[in-house]
Amino acid sequence: MRSYRDLFRTPEFTPFFLSYAAYNAALTIGGLSLATLVYRATDSPLLSALSMFGPQLAQVLGATFLLSGADRLRPRSTLAGMGLAFAALTAVLALPGLPIWAVFGVVLVQGLIASLGGGVTGGLLNEILPKDGFVLGRSVFNMASGLMQVIGFATGGALLALLSPRTCLLLAATLYATSALGYRLGLTARPPRSSGRLSVAATWRTNAFLWSSRPRRLTYLGLWIPNGLVVGCDSLYVSYAPHAAGALFACGALGMFVGDVIVGRFVPPILRPRLATPLLLLLATPYLLFVLRPGVVLAALAVCLSNVGFAASLVQQERLMSLTPDDMAGHALGLRSAGMLTMQGVSAALAGTVAQLTSPATGMTVMAAASLAVTGCLAWGWRRAAARPASVEA
């Protein structure tokens, strides 16, 4: 499967795609609105970053206790239920007078619920599409996420200039409810991919199996850490340029969109495995420019170029699927998503702390340098793994 026409002719793909796009638009507008609300109330880069990326921190709990549900729950019911839950919780965040501690309590609950989302979405996509269509389909979903971020951040920035953050949160809640309706009406009621009930023991067993292979370990670390550290840079946009944060987020999403189009549609499969390290290096390098505290225009160009590198995840997810049994696909992709989002939350906290002690520009530079160092270590690890006999691996 090498064309978008074939992809959208696949049964259920189009409603799945549109519902996912609505969910991501809600996530974008809601996140920017909440970060702006918290920053206006506290004047704190750390709290602003955590309010926007804090749900990711709860992903580690989901990966530890709930992830077996990615293959053991009915996909349609789970996705629709998540959309409704996010709609209700986002409406709660819009309540006037909600204290900061309560805001972060809601953010924690959102993260726990979202911990199943990556696995259920990725597993269902792997089920709907044939094997040779996974990378193209995943790239289109990434493009939807990027496009909705471009539109969402641009629209969110414009709306925040006209409306209050609480009103924008209510708009995000409406979009979440719309995505839930789309999942409910557009998808077939499929049975779970694996038998058994959601349980902590099953989650731990599968996590242990997935982690037992050195190639899978290196793939997971590559999916989690370098891009997570760069998202720490993203979390400082509001404090770096309070009146232009929407523009920076939109330019970053545009770069992500371009990278997904190029890698997903135009790079031949034989070349994709070679691109992971170069794309991760591209992801971090432009942020070193922030040591010079560039203006908004130059900063936006750097952000756009950097985010092309997020397409590395397409290459790495394809590698992960080639190393994973089919009946664990949802769990494997859920572990990828949960670990990645957890690292993004941790990085947002680290970046916010550095920015609190120094400046947002310094925080971005430090996180970018750390990402480059980790990418270099992982590239060395892959070279060593490739030199070992296949029989040595778990």
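## R40 and the basis of the model

R40 counts as exposed, with 55% relative accessibility; here buried means under 20% relative accessible area, exposed over 50%, and partly exposed in between (1.4 Å probe, protein chains only). The residue R40 belongs to helix α2. Helices (H or I, at least four residues) are DSSP runs numbered from the N terminus, as are strands (E, at least two). R40 and V230 are separated by 190 residues in sequence and by 24 Å in space, C-alpha to C-alpha.

The model is predicted: local features need pLDDT of at least 70 and side-chain atom pairs count only at pLDDT 80 or more, while totals for chains, interfaces and linings use all residues. Residues are numbered from 1 along each chain as its sequence is written, and side-chain values use heavy atoms, with hydrogens and water left out.

## The largest pocket

The largest pocket has a volume of about 280 Å³. Of the 13 residues that line this pocket, T36, R40, L160, P242 and H243 are the closest to its centre. Two or more lining residues come from each of α2 (13–42), α9 (134–162) and α14. The largest share, four residues, is contributed by α2.

A pocket is an open set of points on a 1 Å grid over the protein atoms alone, where a 1.4 Å probe fits, with protein on both sides within 12 Å along at least five of seven lines; lining residues have an atom within 4 Å of a point. The volume is the space filled by probe spheres set on the points, which are joined across faces, edges and corners.

For the second largest pocket the volume is about 240 Å³. Its lining has 14 residues, of which T277, R319, L378, A379 and W382 lie nearest the centre. At least two lining residues are supplied by each of α12 (214–234), α15 (276–284), α17 (312–322) and α19 (360–387). Helix α19 gives the most, with six residues. The lining of the second largest pocket comprises eight nonpolar, four polar and two charged residues.

## Salt bridges

A salt bridge is a side-chain nitrogen of Lys or Arg within 4 Å of a carboxyl oxygen of Asp or Glu, and by this rule the count comes to three. In one of them, the side chains of E12 and R190 meet at 2.9 Å, N to O. E12 lies in the loop between α1 (4–9) and α2, and R190 in the loop between α10 (165–186) and α11 (200–211), so this pair ties together parts that are 178 residues apart in sequence. R190 also forms a salt bridge with E127, with the closest N and O atoms 3.5 Å apart. That pair links distant parts of the chain, as E127 is in helix α8 (residues 117–128), 63 residues apart from R190. R190 is buried, with a relative accessible area of 16%, whereas E127 is partly exposed at 34%.

A further salt bridge joins E318 and R272, whose closest N and O atoms are 2.9 Å apart. E318 is in helix α17 and R272 in the loop between α14 and α15, a link between distant parts of the chain, 46 residues apart. E318 is partly exposed, with a relative accessible area of 26%, while R272 is buried at 5%. Salt bridges that share partners join E12, E127 and R190 into one network.

Most residues other than glycine have a negative phi. E12, which is not a glycine, has a positive phi of about 75°. This residue is buried, with a relative accessible area of 15%. D43, also not a glycine, has a positive phi of about 55°. D43 is placed in the loop between α2 and α3 (45–53) and counts as exposed, at 56% relative accessibility.

Notes. Ala, Val, Leu, Ile, Met, Phe, Trp, Tyr, Cys and Pro count as nonpolar, Asp, Glu, Lys and Arg as charged, and the others, Gly among them, as polar.
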